[in-house]
Amino acid sequence: MFTTATPRLRCLVAEPTDGTLVGYATCEPAISTWDGCEYLHMDCLYLRPGQRGLGLGPLLMDAVAAEARALGIAEIQWQTPVWNDGAIRFYRRQGARETDKLRFSRPSSSGPVGQ
């Protein structure tokens, strides 16, 4: 995913001067047929618990936004569980707005779920 001539998945890391990995954000371009446009899907933004509240989260969000701009993409989209109050507060402080949507998943095997 990372070593192709045009890698699809991007992983941006938070790494202090001592070289330890303390967080990351992963993202990839996607297409919304509903909106008729491309967006950058941020799949995950994570910081180790001891690294939260130090300003690294906004830096990772800025890095994702810079990646979108470099790709010529105007919007970033992502989701978080409704119970993740800390993430919801963080994203709102970053100027994000939430939309009402349910996310579904199911196995890709054939037949009804559960068989």
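## Close-ups of a predicted fold

**View 1. Histidine 41 sits in strand β3.** Strands here are DSSP runs of E with at least two residues, helices are H or I runs of at least four, and both are numbered from the N terminus. This is a predicted model, where local features need pLDDT of at least 70 and side-chain atom pairs count only at pLDDT 80 or more, while totals for chains, interfaces and linings use all residues. Residues are numbered from 1 along each chain as its sequence is written, and side-chain values use heavy atoms, with hydrogens and water left out. Histidine 41 is buried at a relative accessible area of 11% (buried is under 20%, exposed is over 50%, partly exposed is in between, using a 1.4 Å probe and protein chains only). Setting aside neighbours within four places in sequence, histidine 41 is in contact with Thr26, Cys27, Glu28, Ala30, Gln77, Trp78 and Gln79 (contact means heavy atoms within 4.5 Å).

**View 2. Threonine 26 is a residue of strand β2.** Threonine 26 counts as buried, with 12% relative accessibility. Apart from neighbours within four places in sequence, its contacts are Leu9, Arg10, Cys11, His41, Met42, Asp43 and Cys44. One of these partners, Arg10, belongs to strand β1. Arginine 10 counts as buried too, at 16% relative accessibility.

**View 3. Leucine 12 is found in strand β1.** With a relative accessible area of 17%, leucine 12 is buried. Once neighbours within four places in sequence are left out, the residues it contacts are Gly23, Tyr24, Ala25, Leu60, Ala63, Val64 and Glu67. Pick out leucine 60 from that set: 48 residues separate it from leucine 12 in sequence, yet the C-alpha to C-alpha distance is 7.2 Å.

**View 4. The largest nonpolar core has 17 residues.** Such a core is a set of buried Ala, Val, Leu, Ile, Met, Phe, Trp, Tyr and Cys residues joined through side-chain atoms within 4.5 Å. Leu40, Met42, Leu45, Leu60, Met61, Val64 and Tyr91 have the most contacts inside it. At least two core residues come from each of β1 (10-14), β2 (23-32), β3 (37-47), α1 (56-70) and α2 (85-93). As background, nonpolar side chains tend to be buried together in soluble globular proteins.

**View 5. Tyrosine 91 is found in helix α2.** This tyrosine is buried, at a relative accessible area of 10%. Its contacts, not counting residues up to four places away in sequence, are Met42, Leu45, Met61, Trp78, Thr80 and Ala96. Tyrosine 91 and threonine 80 lie 11 residues apart in sequence and 9.6 Å apart in space, C-alpha to C-alpha.

**View 6. The disulfide count comes to 0.** The rule asks for a pair of cysteine sulfur atoms within 2.5 Å. For cysteine 27, the closest cysteine sulfur is that of cysteine 11, and at 8.5 Å it is too far for a bond. Cysteine 37 is in no disulfide either, as its nearest cysteine sulfur, in cysteine 27, is 16 Å away. Is each of these two buried or partly exposed? Cysteine 27 counts as buried, with 0% relative accessibility, whereas cysteine 37 is partly exposed at 34%.

**View 7. Zooming out, the protein chain has 2 helices and 4 strands.** From the N terminus on, the order is β-β-β-α-β-α. The C-alpha trace spans about 50 × 40 × 30 Å along its principal axes. Of the chain's 115 residues, 24% count as buried. Among contacts with a separation of 6 or more, 38% are between residues 24 or more positions apart. The chain exposes about 8,700 Å², with carbon and sulfur atoms supplying 55% of it (areas use the Shrake-Rupley method with a 1.4 Å probe; for residues, only the protein chains shown count as cover). On the charge side, there are 12 positive and 12 negative side chains, and the centres of the two sets lie 4 Å apart. Lys and Arg count as positive, Asp and Glu as negative, while His and the chain ends are not counted; each charge is placed at NZ of Lys, CZ of Arg, CG of Asp or CD of Glu.
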